[in-house]
2 protein chains.
Amino acid sequence: MTILALAGGVGGAKLADGLAAILQPGELTVVVNTGDDFEHFGLHVSPDIDTVTYTLAGINNQEQGWGLAGETWSCMAALERLGGETWFRLGDHDLATHLERTRRLKTETLSAVTADFAVRLGIKQHIVPMSDEPVRTMVETDRGNMPFQDYFVRMACAPAVKGLTFNGLLQARPSPGFLGALNDPALEAIVICPSNPFLSVLPIISVNGVLPILCKRTVPMIVVSPIVGGKAIKGPAAKIMGEFGMQASCVAVAGYYANDLLQMADGIVIDSEDAAEAIRIKDLDVHVADTIMRNRDDKARLAREVLDFARHVAPRPIPYIGPL
Amino acid sequence: MTILALAGGVGGAKLADGLAAILQPGELTVVVNTGDDFEHFGLHVSPDIDTVTYTLAGINNQEQGWGLAGETWSCMAALERLGGETWFRLGDHDLATHLERTRRLKTETLSAVTADFAVRLGIKQHIVPMSDEPVRTMVETDRGNMPFQDYFVRMACAPAVKGLTFNGLLQARPSPGFLGALNDPALEAIVICPSNPFLSVLPIISVNGVLPILCKRTVPMIVVSPIVGGKAIKGPAAKIMGEFGMQASCVAVAGYYANDLLQMADGIVIDSEDAAEAIRIKDLDVHVADTIMRNRDDKARLAREVLDFARHVAPRPIPYIGPL
């Protein structure tokens with residue numbers, strides 16, 4: 001059997017790591033959002049792919065919550081001395097990833113480079129970008145339209161989000177690994193990791209040609225709520241829900257996947273803190289679990305619960321009405 | 001008064017540093033070879049400019065003989081883990097120079113970026129590239145034709161040099177700072193630092209339009225021999241002289257500048273170790289000095305001797321016969 005996980009950055013990487021730990025090598029494919037990718041100093045930076053890769057390799061920085069363990073910052077210090085921009089913190093080790101990826105992207109796909117890095121870092125599961133073609137998330141805010149990293153890092157998510165545009169999404173095809181996992185006869189479940197529904201998951205499922213397949217799915221799609229007790233564990237998900245006029249709650253997350261995204265989930269895992277909310281979720285099957293992942297045991301336990309839950313959820317395919 | 005120094009890497013940077021120390025701010029222009037420049041991981045690396053800049057800023061690594069003091073190597077270690085090429089050692093601090101320069105070169109000249117970096121690092125003299133247009137030294141060897149850094153770093157100068165080609169040199173114009181220094185009415189002397197005559201100095205004086213000016217010079221050109229006791233202090237100068245069928249000696253250096261380069265020097269400073277050779281140098285005025293520069297005092301002392309010597313050397317302009 002195989003599992004397809006959709007993931008953005010830190011939260012998604014944690015559950016993907018749990019799934020990787022409990023599944024046999026090769027059974028898991030993690031499809032990662034690339035809408036956050038950007039060019040910085042001419043280097044191709046893929047923040048979500050790197051977070052997932054570093055986490056599955058066990059070399060992520062757990063204290064800091066992002067980046068690499070034991071990271072050093074010599075380059076940033078020297079860059080500051082030269083008057084360069086340092087708002088996006090490029091660690092010295094992390095830089096190697098961007099340098100080597102950028103070099104290889106001249107002749108190879110992002111899929112190929114990502115897969116090779118994973119092998120070199122000892123990862124036994126598949127990490128694949130949602131697409132090998134560029135997708136760039138633009139954030140429309142009360143302070144203007146800006147590239148994602150400007151919103152996310154430079155402005156620390158302070159502007160109010162009014163809309164999102166995924167530049168290139170209409171032209172982007174799913175990566176071969178994404179398509180392969182979707183069409184794998186051995187596929188047992190699709191797990192939407194606790195990632196930002198708008199910034200991370202929406203671009204992944206919107207890649208050209210993915211939605212028709214997901215609509216016709218024969219396996220359950222399970223989403224793990226990134227909202228716990230009305231807050232996001234990390235990132236601006238709760239803030240953006242408020243700015244979009246939604247309540248920041250696991251109920252609203254369920255409603256978003258069931259209604260706004262037209263039944264793009266069949267079941268939802270919510271945190272035990274929100275157990276009382278379960279009754280308010282009408283459109284999806286609900287499982288209550290401890291979803292806060294503090295260590296590898298937490299991750300593996302949650303991953304197990306998610307897969308167990310998936311076995312009891314029936315897929316609810318819907319007619320696909322649209323182009324393609 | 002102003003002084004124009006022509007320099008390659010480490011040896012040239014040392015004397016340039018001495019000149020910088022004894023001259024008033026702004027009196028020195030160091031024109032640096034850019035034939036060693038190359039693109040590595042998509043970054044524009046200018047090894048000689050960086051060596052001169054780091055040295056004049058007092059942040060060069062004296063023990064190692066190249067690069068930055070207190071350098072760290074996290075990025076290279078991480079690059080090795082990813083299977084990337086690590087033959088050209090990019091230090092973490094040094095990387096900042098290449099990243100920021102590459103970024104700025106999209107909209108600025110190499111001259112502008114070099115000048116700004118110098119100011120930011122507290123340098124009071126002018127450091128200018130020989131040209132803002134790309135010149136790339138190709139080395140013809142017994143193991144094939146190869147870019148300079150492949151010869152110099154990757155193969156550690158092991159191949160026998162059969163010839164040199166400076167790609168782009170015919171199209172390259174002198175940088176504004178180079179032309180300005182050459183035509184400065186206050187110019188008192190041109191100092192050819194103890195750099196490789198073939199790899200560092202030849203490309204500088206061969207930049208399109210420079211030779212006619214040097215031929216008509218009204219100030220003395222003084223070369224400091226990079227060969228001491230038949231050996232180069234650093235680098236392959238002596239080895240290449242042998243491969244070119246020349247004796248590796250200060251006498252041969254003098255002959256090269258006087259004859260091969262058609263009187264492209266008026267005086268030569270040779271090391272006290274070679275004092276007995278002075279009598280064999282016929283075409284240039286000779287000054288004997290301690291040319292080994294171990295510290296800033298050595299550099300300043302030698303710089304003073306070179307400038308004192310220059311005051312007693314008459315420029316020997318020659319008719320320029322050639323294009324332009």
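## Helix packing

In chain B, helix 1 (residues 10-22) and helix 12 (residues 296-310) cross at roughly 75°, and their axes come within 7 Å. Helix 1 of chain B is therefore roughly perpendicular to helix 12 of chain B. On the side of helix 1 of chain B, the contact is made by B:Lys14, B:Leu15, B:Asp17, B:Gly18, B:Leu19, B:Ala21 and B:Ile22. Helix 12 of chain B contributes B:Arg296, B:Lys299, B:Ala300, B:Leu302, B:Ala303 and B:Arg304. Sorted by class, the residues of this contact are 7 nonpolar, 1 polar and 5 charged. The model described here is a predicted one.

Chain A has a helix pair of its own to describe. Helix 1 (residues 10-22) of chain A packs against helix 12 (residues 296-311) of chain A at an angle of about 75°, and the axes are 7 Å apart. That angle makes helix 1 of chain A roughly perpendicular to helix 12 of chain A. Among the residues of helix 1 of chain A that take part are A:Lys14, A:Leu15 and A:Asp17. Those that they and their neighbours meet in helix 12 of chain A include A:Arg296, A:Lys299 and A:Arg304. The contact of helix 1 of chain A with helix 12 of chain A divides into 7 nonpolar, 1 polar and 5 charged residues.

## Chain A as a whole

Chain A is built with 12 helices and 14 strands. Along the principal axes, its C-alpha atoms fill a box of roughly 55 × 45 × 45 Å. How does the radius of gyration of chain A stand against that of a compact globule? For 324 residues such a globule would have a radius of gyration near 20 Å, and the 19 Å of chain A agrees with this.

## Strand pairing

An open sheet of 3 strands in chain A has the order 7-6-8, and its pairing is antiparallel. Strand 7 (144-147) and strand 8 (161-167) of chain A are at the edges with a single partner strand each, so one side of each has no neighbour in the sheet. From one strand to the next, the twist averages 25°. Within this sheet, A:Thr141 has A:Gly144 in strand 7 of chain A as its bridge partner.

Chain B also has an open sheet of 3 strands in the order 7-6-8, with antiparallel pairing. Here strand 7 (144-147) and strand 8 (161-167) of chain B stand at the edges; each has a single partner strand, so one side of each is left without a neighbour in the sheet. The twist in this sheet averages 25° from one strand to the next. B:Thr141 has B:Val161 as its bridge partner in strand 8 of chain B.

Parallel pairing is found in chain A as well, where strand 1 runs parallel to strand 9. In that pair, A:Ile3 stands opposite A:Ala189 of strand 9 of chain A. Strand 9 of chain A also pairs with strand 10 of chain A in the parallel sense, and A:Ile192 stands opposite A:Val223 in strand 10 of chain A. The table lists strand pairs from both chains.

| Strand pair | Sense | Bridges |
|---|---|---|
| Strand 1 (residues 2-7) and strand 9 (residues 187-192) of chain A | parallel | 5 bridges |
| Strand 9 and strand 10 (residues 221-224) of chain A | parallel | 3 bridges |
| Strand 6 (residues 136-141) and strand 7 of chain A | antiparallel | 4 bridges |
| Strand 6 (residues 136-141) and strand 8 of chain B | antiparallel | 6 bridges |

## How the two chains meet

Which parts of chain B touch chain A? In all, 22 residues of chain B are in contact with 22 residues of chain A. Helix 3 (74-81), helix 4 (92-105) and helix 5 (110-120) of chain B each supply at least two residues of the side that touches chain A. Helix 4 of chain B gives the most to that side, with 9 residues. By class, the side of chain B that touches chain A holds 9 nonpolar, 8 polar and 5 charged residues. Of the interface residues of chain B, 100% are also interface residues in chain A, so the copies meet through the same surface.

Methods
Residues are numbered from 1 along each chain as its sequence is written. Chains are lettered from A and ligands numbered from 1 in the order in which they are written. This is a predicted model: local features need pLDDT of at least 70, side-chain atom pairs count only at pLDDT 80 or more; totals for chains, interfaces and linings use all residues. Two residues are in contact if their C-beta atoms, placed from the backbone, lie within 7 Å. Ala, Val, Leu, Ile, Met, Phe, Trp, Tyr, Cys and Pro count as nonpolar, Asp, Glu, Lys and Arg as charged, and the others, Gly among them, as polar. Two strands pair if DSSP finds at least two bridges between them. Axes are lines fitted to C-alpha atoms, for helices over the stretch in contact, and angles run from 0 to 180 degrees between N-to-C directions. Angles under 35 degrees count as roughly parallel, over 145 as roughly antiparallel, 65 to 115 as roughly perpendicular and the rest as oblique. The radius of gyration is taken over C-alpha atoms; the globule rule is 2.2 Å times the number of residues to the power 0.38.
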